[in-house]
Amino acid sequence: MTSPVNLASITRPAVLQAIAEYDELGQAEFLRRRGFGESRNFRLVYGGRFYDSKAIAGVAHGYATGRFVDNSEFSGGLATVAESLNSLGFVVDHGGKHARGGLLWDLENTTVFTRGGKSAAYKFVVLRWAVDGPDPQREPVPLSKVRVELAALLSPFAVGDSAPHPADPRVALRSSGWWTLELPDGVKEEGLTHQQLRRLAIKEDLAAGLNEGVREKLRDPLWRDEATAVLTRRISELAGSSSA
């Protein structure tokens, strides 16, 4: 009879070996060879990149113990794989019960402005600026307080003839799980276009910034480092490594 999988036997070096194998083979081939499926809600984040957490844990178990296991031999939830990887100093991104991922995976799926075949890094530049901010990390502030600073940061990443007005990404980010845009009393977002909200943000000097949940997560240095790494990679992919 096969003994139960003991995830406590996994070591950090073994996890790094599994990550290296994943990087060498690519996701599809790694999962195929090792008998795992793609993660839906739990993803290991390392160096700003995402890995299928259960597959990494199973392969790491093999490197640590000599016994490689497949998808059917253990569960991959919060109390098993995530807890094991967290205890070794790794970040596991996850969301709610029916989510496809957590806050970090949200960055991987954020839609961006495109013009002339080029995709803009504007949202990620603003988020990176916010994540790098002081404690409390870039809580909502009026546009006038940061307008000049953000304009200078956005300018090198222009995909058109000029960089966007700083109000543009601050308004566009409202659809992200990272951001809050504070509207005046009595104003409802429903039915308002981006351009209408943009004009309102400029006219009323609306406050915007990282939401409370994200600011709380950023108090964890390890999570903050991975958030910074994900944002840096996204900026590099969209704008080119020389700009980032």
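What covers the buried residues of α9 includes α7 (143-154) and α8 (167-172), with contact taken as heavy atoms within 4.5 Å. This is a predicted model, in which local features need pLDDT of at least 70, side-chain atom pairs count only at pLDDT 80 or more, and totals for chains, interfaces and linings use all residues. Residues are numbered from 1 along each chain as its sequence is written, and side-chain values use heavy atoms, without hydrogens and water.

**Exercise 1.** Find which residues of helix α9 are buried, and explain how they are arranged.

*Solution.* Start with residues 194-203, the span of α9 (helices: DSSP runs of H or I, at least four residues; strands: E, at least two; numbered from the N terminus). Here L197, L200 and A201 are buried (under 20% relative accessible area; exposed is over 50%; 1.4 Å probe, protein chains only). Next, look down the axis: the buried residues of α9 fall within an arc of 100 degrees, so they line one face of the helix (directions from the axis to the C-beta atoms). Now turn to the face away from this buried side, where R199 and K203 are exposed. Finally, step past the helix to D205, whose phi is positive, near 55 degrees.

**Exercise 2.** Work out the strand order of the open three-stranded sheet and name its edge strands.

*Solution.* The order is β6-β8-β7, with antiparallel pairing (at least two DSSP bridges between two strands). β6 (141-142) and β7 (179-181) each pair on one side only, which marks them as edges. Three bridges link β7 to β8 (residues 207-210), and W179 sits opposite L210 in β8.
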